[in-house]
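Here is a short briefing to read with the structure open beside you. Take it topic by topic, and look up each residue as you go.

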Amino acid sequence: MGTDKKKKKLRWWQIVLIVLVVLVLLVAILYKTGVLRNIVISASRSSEAATIEKTKQGENYGMYADGLDEVIDIAYIDDGGFDHLLDVYYPTGTDSRLPTIINVHGGGMIAGEKEVNTVQSRWFAQQGFAVVNMNYTRLPDTNYAGMIRNIYDVMHWVEENAETYHFDLNRVYMTGDSGGGHIVSVAAAVIYSEDLESWYGVEAPGYRVQKFALTCPMVGTADLVHPKSMAYWIFHFAMGPAIWNDSEAMAMADIYTVAEMSNYPTVLLLTTPKDTNFYSGVMALDNFLTDKGIEHELLVCEDQSHELYHVFNVDHPEWEEGQQANGAITAFFSKG
């Protein structure tokens, strides 16, 4: 005589646990193979046109355009690529060479477009500068060397087009914010070191960028932001193991390594205490440059009429605090 055994049913929490384990394994496989990164980055890239249009609809996007000539979406590499476009701004009626600023946008070296820096670039031009506002190939479509090469591509373009756009090659400066600030901090070392130029595979133009301004820059590559922050994990996710497992490439893209390998030029560090991801890193960089005897200036911007945050002077150059910060950049470039 047989007895029927009751089938043991899984409890709800067991089902949830199994589903979670399967999902974790699936994500791990997709990450390890690079599929997940490609999906996420492709989705980000596909929305760029909409992001640019949204930026252009911003309440302050039309500011500071009066009295300027603007030439938009010039290809500095003729490959039809969005990443290799730049804009130029200079005062209308210019008939002489102008001090020139190359502006490198932020976005964690993963995202961002030159349009985010349009209003700031116009503000600089209103102060009597010619401004080159550039895009560049971002992670993970390239590596650190690729971004530095794009900086040099633009520097060569500036040299070749100096007469057309009134660039004074004796007064060329470079500014970058956030991830762009990190790129500019490394580029400053490369520009002032033949050994680094050789390592990066770039050829110097016939002039040198004179000074560099870093707004709320990401600092270093070993610990770009606090390891517990979401930005840290997003950044390393986008880089992928092929980049962050390359210890030599990471070292050669780290300001603490390359600054000592070059005749590091004068830089301005601009930050604000409420830049929670990068303020402590900028202060540490200030200490490092001081200890090494590297000439630099530090400007810590405090709240006045507005609560200041990461790259506030790029987003809101019309604010009193934004004008003061950007005015400090132009004053830094102009003196000496």
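How many bridges join E3 to strand E5, and which way do the two run? Six bridges link E3 to E5 (residues 167-177), and the two strands run parallel. Please keep in mind that this is a predicted model, where local features need pLDDT of at least 70, side-chain atom pairs count only at pLDDT 80 or more, and totals for chains, interfaces and linings use all residues. Residues are numbered from 1 along each chain as its sequence is written, and side-chain values use heavy atoms, with hydrogens and water left out.

**The chain overall**
- The chain has 15 helices and eight strands; these are DSSP runs numbered from the N terminus, helices being H or I with at least four residues and strands being E with at least two.
- Of its 336 residues, 51% count as buried, meaning under 20% relative accessible area with a 1.4 Å probe and protein chains only.
- Along the principal axes, the C-alpha atoms fill a box of roughly 105 × 45 × 45 Å.
- Among contacts (heavy atoms within 4.5 Å) between residues at least 6 apart in sequence, 74% join residues at least 24 apart.

**Strand E3 and its partners**
- E3 covers residues 98-104, and seven of its seven residues are buried.
- On the E5 side, asparagine 103 stands opposite threonine 175.
- E3 is also joined to strand E4 (residues 130-134) by five bridges, and these two run parallel; two strands pair if DSSP finds at least two bridges between them.
- Within E4, valine 131 is the bridge partner of isoleucine 101.

**Helices H5 and H7**
- The axes of H5 (residues 144-160) and H7 (residues 179-191) come within 10 Å and cross at roughly 70°; axes are lines fitted to C-alpha atoms over the stretch in contact, with angles from 0 to 180 degrees between N-to-C directions.
- H5 and H7 are therefore roughly perpendicular to each other, a label for angles of 65 to 115 degrees.
- Residues from H5 including Tyr144, Ile148 and Met155 meet residues from H7 including His182, Val186 and Ile191.

**Histidine 296**
- Histidine 296 lies in strand E8 (residues 296-300) and counts as buried because its relative accessibility is 17%.
- Its side chain makes a polar contact of 2.7 Å with the side chain of aspartate 286; such a contact is a pair of N or O atoms within 3.5 Å, where within protein one must be able to donate a hydrogen and the other to accept it, and residues adjacent in sequence count only if both atoms are side-chain atoms.
- The histidine 296 side chain also reaches the backbone oxygen of isoleucine 294 at 2.8 Å.

How values were computed
Parallel < 35°, antiparallel > 145°, perpendicular 65-115°, else oblique. Buried < 20%, exposed > 50% of the residue type's maximum accessible area, 1.4 Å probe, protein only.
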